[in-house]
Amino acid sequence: MSRHVVLIEDEPNITEAIRFLLLRDGWTVEAHADGASAVEFIEAAKPDIVILDLMLPGKSGLDVVRELRERDGAQDLPVLMLTARGQIKDREMAEKAGVTRFMTKPFANAEVLTAVRDLCAQAEQR
Amino acid sequence: MARHMLTGSRIRERRLVLGLRQADLARQVGISASYLNLIEHNRRRIGGKLLVAIAQALGVEPSMLTEGAEETLLSALREAGSEGSAPVAELDRTEEFASRFPGWAEVLATSHRRIGVLERTVEVLSDRLTHDPQLAASLHEMLSTAAAIRSTADILASDDPLEPEWLDRFHQNLNQDAQRLADSSRTLVSFLDEENTIADKQGMPQDEVDRFLADHSYHFPALEAESETPASLVAHAPQLQSQVAKDIAQRVLEGYGHNMRRLPLRLLMSGIAECGTEPGALAQKFNVPLEHVMLRLGMMAEEDLGTEVGCVVCDASGAALLRRPIGNFSIPQYGAACPLWPLYQALSRPHIPLRRVIEQQGRGGQKFVCYAYAWHAGPAGFGTDPLVQAVMLIFPSVDEKEEPVSVGASCRVCTREGCDARREPTILRDGF
């Protein structure tokens with residue numbers, strides 16, 4: 001059974017590129033563009049990993065991950081945050097909120113793929 | 001030119017050298033000959049725009065009139081010598097240095113002034129990058145588009161063959177994103193280009209209001225003469241583009257009108273002629289609340305006041321509601337200012353007037369006399385917390401003997417060491 005990624009991103013062309021990249025690597029991908037309903041979407045999808053944008057309509061990625069960490073069963077869910085804001089303080093805030101790994105835009109596809117594979121493998125070993 | 005001559009005397013001397021009549025110079029700079037006569041005999045203080053206009057008409061730098069050429073050079077050298085981490089040992093031999101090596105002295109003074117200009121540029125840019133929401137949104141848009149382009153291009157450039165429908169899709173996306181990137185780049189460039197049109201200068205609504213007030217020199221004779229109303233002034237102001245800016249400006253002008261009715265200009269000027277610009281004395285003389293006098297003084301023409309004046313009004317959160325700049329005193333456009341300003345000290349002690357002589361770090365050692373006061377704004381009521389506002393008037397210090405309190409502009413551009421009030425490190429250290 002293929003592993004499952006939820007991608008929360010409001011840029012349709014980024015979503016399309018990442019979706020293609022992961023599908024070709026054997027993952028199933030569900031995408032969602034709204035921050036306000038993101039937590040419920042993730043809970044219902046039960047993914048192996050979440051790729052999350054920081055600046056989302058309705059609710060920021062940081063708030064999404066904070067809420068997620070309070071839900072049963074989502075405390076250890078790997079979250080890869082993609083963001084155009086790459087300052088040290090943004091990274092620290094993301095880590096504090098519960099983000100597993102932080103990656104700044106524009107990213108290389110190979111980096112995203114490697115990060116998704118690594119984070120999932122680490123989660124399986126736990 | 002004599003070293004200890006006063007500004008008015010220097011103006012007179014320079015005018016006579018040029019063979020200009022008092023009436024001609026007065027006409028050129030838009031004041032009456034009798035007022036110029038008072039200035040030339042040092043019976044009226046002069047500064048700000050009027051000083052700049054007179055200096056321009058006389059073909060000299062304003063500092064040549066206020067300090068004289070030699071004093072301007074010595075003052076720049078003293079600043080350069082005392083602003084480092086440790087003052088130079090030969091500071092007391094500045095005059096000897098300037099007279100023995102005039103060429104090198106001029107080079108050093110010019111470099112020091114240039115550093116000051118560059119630091120202020122860095123301050124404005126840093127302030128803007130950190131706090132300007134439009135700039136942040138614009139950069140975010142560009143980076144997101146660049147991310148989409150990079151990711152799509154990675155896929156198209158890979159050796160793995162793509163199915164025709166995916167290939168079409170990605171070509172289409174790439175085309176869309178390239179267009180978006182071009183558009184957002186153009187938007188960003190026009191936003192950063194502040195030189196040409198008002199549309200290019202649009203930032204936050206408060207910026208529009210600041211430009212509107214600055215273009216009127218913070219004074220509205222048409223309101224004083226009741227030939228215009230706040231609504232008519234706002235309606236015809238090209239600087240006010242957004243509805244939010246118009247609403248803010250309308251509130252400022254309504255406050256101006258309210259204070260003006262309590263203290264008409266003619267009455268206030270007679271009081272200034274009698275008591276000077278000390279707000280407490282004026283409030284007592286006219287039996288009006290201190291804040292009315294201070295807000296009124298903060299929106300007066302320099303010509304009427306006889307001196308430059310700066311003014312900052314803030315609410316209880318410290319957010320600036322009005323900023324009237326003065327001389328070298330830096331008032332951050334975005335973000336929080338230095339908590340050591342008397343303005344914020346007054347906020348913690350409402351209804352207690354404060355007078356402080358201050359010196360802003362890194363601003364050439366210029367001293368200012370500040371009057372600050374906080375009061376309960378808005379209607380009082382049982383069970384309702386009062387709204388507090390504070391105002392600070394900033395006057396250039398003339399012959400002030402009191403030891404100044406050292407303050408900053410904002411932490412990012414302040415290098416005061418061991419400051420208990422520091423919120424964040426400065427960006428002006430370590431090799432800048």
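## Two helices in chain A

At roughly what angle do the axes of H1(A) and helix H5 (residues 109-125) of chain A cross? They cross at roughly 55 degrees and come within 11 Å. Here axes are lines fitted to C-alpha atoms, for helices over the stretch in contact, with angles running from 0 to 180 degrees between N-to-C directions. Helices (H or I, at least four residues) and strands (E, at least two) are DSSP runs numbered from the N terminus.

H1(A) is therefore oblique to H5(A); angles under 35 degrees count as roughly parallel, over 145 as roughly antiparallel, 65 to 115 as roughly perpendicular and the rest as oblique. The crossing of this pair is right-handed, a label for a near helix turned clockwise from the far one by less than a right angle, while anticlockwise gives left-handed. On the H1(A) side, A:Ile18, A:Leu21 and A:Leu22 meet A:Asn109, A:Val112, A:Leu113 and A:Val116 of H5(A). This contact has 6 nonpolar residues, 1 polar and no charged. Ala, Val, Leu, Ile, Met, Phe, Trp, Tyr, Cys and Pro count as nonpolar, Asp, Glu, Lys and Arg as charged, and the others, Gly among them, as polar.

## How to read the model

This is a predicted model, in which local features need pLDDT of at least 70 and side-chain atom pairs count only at pLDDT 80 or more, while totals for chains, interfaces and linings use all residues. Residues are numbered from 1 along each chain as its sequence is written, and chains are lettered from A and ligands numbered from 1 in the order in which they are written.

## Where the chains touch

Chain A brings 15 residues into contact with 16 residues of chain B; two residues are in contact if their C-beta atoms, placed from the backbone, lie within 7 Å. Helix H1 (residues 12-24) of chain A gives the largest share of chain A's side, 7 residues. By class, that side holds 10 nonpolar, 2 polar and 3 charged residues.

A:Asp53 lies in strand S3 (residues 49-53). An unreviewed UniProt entry places the feature "modified residue: 4-aspartylphosphate" at A:Asp53; such annotations may be inferred rather than shown by experiment. A:Asp53 counts as buried because it has 26 C-beta neighbours inside 10 Å (20 or more means buried, 12 or fewer exposed, and in between partly exposed). Beyond four places in sequence, A:Asp53 touches A:Ile8, A:Glu9, A:Asp10, A:Gly61, A:Leu82 and A:Thr83.

A:Val64 belongs to helix H3 (residues 61-70), and it is buried because 28 C-beta neighbours lie inside 10 Å.

## Helix packing in chain B

Helix H17 (residues 279-286) and helix H18 (residues 290-298) of chain B pack at about 120 degrees, with axes 9 Å apart, so H17(B) is oblique to H18(B). Their crossing is right-handed. B:Pro279, B:Gly280, B:Leu282 and B:Ala283 meet B:Leu290, B:Val293, B:Met294 and B:Leu297, giving 7 nonpolar residues, 1 polar and no charged.

Helix H15 (residues 243-262) of chain B also packs on H18(B): the axes come within 9 Å and cross at roughly 115 degrees, which means that H15(B) is roughly perpendicular to H18(B). This crossing is left-handed. Here B:Gly255, B:Asn259 and B:Arg262 meet B:His292, B:Leu295 and B:Arg296, with 1 nonpolar, 3 polar and 2 charged residues.
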